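Dear colleague,

A short account of the findings follows it.

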Amino acid sequence: MAAEPLVALDQVSKVYRGGEHTQVVLDGVSLTIDHGEMVAVTGPSGCGKTTLLNILGALDRADSGTVRSCGLDLTRANRKQLTEYRARSVGFVFQFYNLLPTLTAVENVQAGLTVAGVGRGDADRRARHALADVGLADAMDKFPAQLSGGEQQRVALARALAKDPALVLADEPTGNLDEDSGAQVMALLRTLKDSTGVSILLVTHDPGVSTAADRSVRLEHGRVHARQES
């Protein structure tokens, strides 16, 4: 019997209402992500990519349909369960890094672990190990302003991976980088996926980025319109 996917969305819809205006952002989206799989979601701005990511990250709720991730039904889970899910099961990587400027690289990674309830000593050990894994062993005590954009994104990757999540959600992870730095980050994501077995869902407007993924899907007007194998 085939193993159940790590993530399964079934006919997920999301509608935003403001006054007399209604915007259907997701319209019956179904998608699965297997254990250890990297899936890229491509599509133009406003097609629902970030909303999909927010629903999977338990930062927003679907209006209809079913969302299962890491063994939890996100559509039925209570607030405590969702908080625990965000803290322990999911790592987030954003386009603009979201690093605290007054903390060093290792302190930024430690901060993410502290939120997840990891003790100080263990957080320090895991943070240093994660930074070494992304090639920043010599930059742990540098502040974000002392790092290049690509290096800052690698700190963000280390922060996401240090808590050993089952799923990493990456929102335009190369969108603020030049071509060479973006290619390096994507190669690193691929290497980390292969070495740790983590599943990755990344969203991007750049079809070229999706070539590093195992599989890509395209969203247009809130619907999945095509799938490709990489």
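Helices, at least four residues long, and strands, at least two, are taken as DSSP runs and numbered from the N terminus. The model is a predicted one.

In helix H4 (residues 120-133), Asp 122 and Arg 126 lie 4 residues apart, about one turn of the helix. The two form a salt bridge, with their closest N and O atoms 3.5 Å apart. Asp 122 is partly exposed at a relative accessible area of 30%, and Arg 126 is likewise partly exposed, at 21%.

A network of salt bridges links Arg 190, Lys 193, Asp 194 and Asp 214. Within it, Asp 214 meets Arg 190 at 2.7 Å, N to O. Asp 214 belongs to the loop between strand E8 (199-204) and strand E9 (215-220), whereas Arg 190 is in helix H6 (residues 179-196), so this pair ties together parts 24 residues apart in sequence. Asp 214 also forms a salt bridge with Lys 193 (3.4 Å, N to O). Lys 193 is in helix H6 too, so this second pair joins parts that are 21 residues apart in sequence. Lys 193 is buried, at 6% relative accessibility, while Arg 190 is partly exposed, at 27%. The count of salt bridges comes to 14.

Turning to the sheet, 4 strands make up an open, antiparallel arrangement in the order E2-E1-E4-E5. Strand E2 (21-33) and strand E5 (72-73) are its edges, each pairing on one side only. Helix H1 (residues 49-56) packs on this sheet and touches E1, E2 and strand E4 (64-69); its direction makes about 115° with that of E1. Strand E1 (residues 7-18) is joined to E2 by 9 bridges, and Val 7 has Ile 33 in E2 as its bridge partner.

With kind regards

Methods:
Residues are numbered from 1 along each chain as its sequence is written. This is a predicted model: local features need pLDDT of at least 70, side-chain atom pairs count only at pLDDT 80 or more; totals for chains, interfaces and linings use all residues. Side-chain values use heavy atoms; hydrogens and water are left out. Two strands pair if DSSP finds at least two bridges between them. Contact means heavy atoms within 4.5 Å. Axes are lines fitted to C-alpha atoms, for helices over the stretch in contact, and angles run from 0 to 180 degrees between N-to-C directions. A salt bridge is a side-chain nitrogen of Lys or Arg within 4 Å of a carboxyl oxygen of Asp or Glu. Buried means under 20% relative accessible area, exposed over 50%, partly exposed in between (1.4 Å probe, protein chains only).
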